[in-house]
Amino acid sequence: MSILSTLNQRKVTGQKSLALLIDPDNVEEPADLGNLLNLAKECYVDYIFIGGSLITQSNVGKIVNTIKKECSIPTILFPGNNMHIDLSADAILFLSLISGRNPEFLIGQHVVAAPILKNSGIEILPTGYMLINSDTTSAVSYMSNTSPIPPDKYSVAACTAMAGEMLGLKLIFMDAGSGAKTAITPKMITQVNRSINVPLIVGGGIDTATKAKQSLEAGADMIVIGNAAEKNPNLMIEVSEKIYDFNKSLNIH
């Protein structure tokens, strides 16, 4: 079953998913990922995202290959631009930055990447990407030259997500940005989740199990942890336990 089909099926049943985000710039040597990947396997991480807003090292391919050697967790590219593509990954989040008005990240980068991806065999995941303002200016906001949606503008976020779904995007990804200290509020997650029928991914600022639980209960179908998990590996254990408990309550293991 394709990744998108799996996510849609989980959306219908209410099953939650966990993704681990690996920023290539935080990886000195791909071989050093062994402990993190072993932990990901033990914690039943569903997907591994690879990418970031600004990647200064040319190690994406090495990281993907290392992950594939160490485990069977699907690898999904989370590209900052068309230079961050490696066709050995299982899928790519084909991100359209619908919260901004910069045409380069709405469609421009996609035009360049399309012929590369067309016959590659990699699964394309058309994704509406929405930046939500946190306590600091995120790298992706700076690099994309776009303004994030204010954290209390719930109707703006909901209507943006609705428009993305109506345009044919298959996933909505709300992100507070890598390293954000403030996670997206449960109220905003609830408002967006109620406005769409496609799976909702939430990331940024989820640095405690409590925040993870709040995001799940508010309606996130998948939560993404990155920097926080690298700094505190126990977080992955705690978050995975919250997801396990949530899915167990649905009689899903």
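1. The model contains 5 aromatic pairs, a pair being Phe, Tyr or Trp rings (for Trp the six-membered ring) with centres within 6.5 Å, called stacked under 30 degrees between planes, edge-to-face over 60 and tilted otherwise. This is a predicted model, in which local features need pLDDT of at least 70 and side-chain atom pairs pLDDT 80 or more, while totals for chains, interfaces and linings use all residues. Residues are numbered from 1 along each chain as its sequence is written, and side-chain values use heavy atoms, without hydrogens or water.

2. Phe49 and Phe173 make a tilted pair, with 6.3 Å between centres and 55° between planes. Phe49 lies in strand S2 (residues 47-50) and Phe173 in strand S6, so the pair links parts 124 residues apart in sequence; strands are DSSP E runs of at least two residues. Both Phe49 and Phe173 are buried, that is, under 20% relative accessible area (1.4 Å probe, protein chains only).

3. Phe78 and Tyr129 pair edge-to-face, because their ring centres are 5.8 Å apart and their planes stand at 80°. Phe78 is buried at 8% relative accessible area, and Tyr129 is buried at 5%. Phe49, Phe78, Tyr129 and Phe173 belong to one aromatic cluster.

4. Met174 contacts, beyond neighbours within four places in sequence, residues including Met130, Ile132, Met188 and Leu200; contact means heavy atoms within 4.5 Å.

5. The lining of the largest pocket comprises 23 nonpolar, 19 polar and 5 charged residues. Nonpolar here covers Ala, Val, Leu, Ile, Met, Phe, Trp, Tyr, Cys and Pro, charged covers Asp, Glu, Lys and Arg, and the others, Gly among them, are polar. A pocket is an open set of points on a 1 Å grid over the protein atoms alone where a 1.4 Å probe fits, with protein on both sides within 12 Å along at least five of seven lines; lining residues have an atom within 4 Å of a point.

How values were computed:
Helices (H or I, at least four residues) and strands (E, at least two) are DSSP runs, numbered from the N terminus. Buried means under 20% relative accessible area, exposed over 50%, partly exposed in between (1.4 Å probe, protein chains only).
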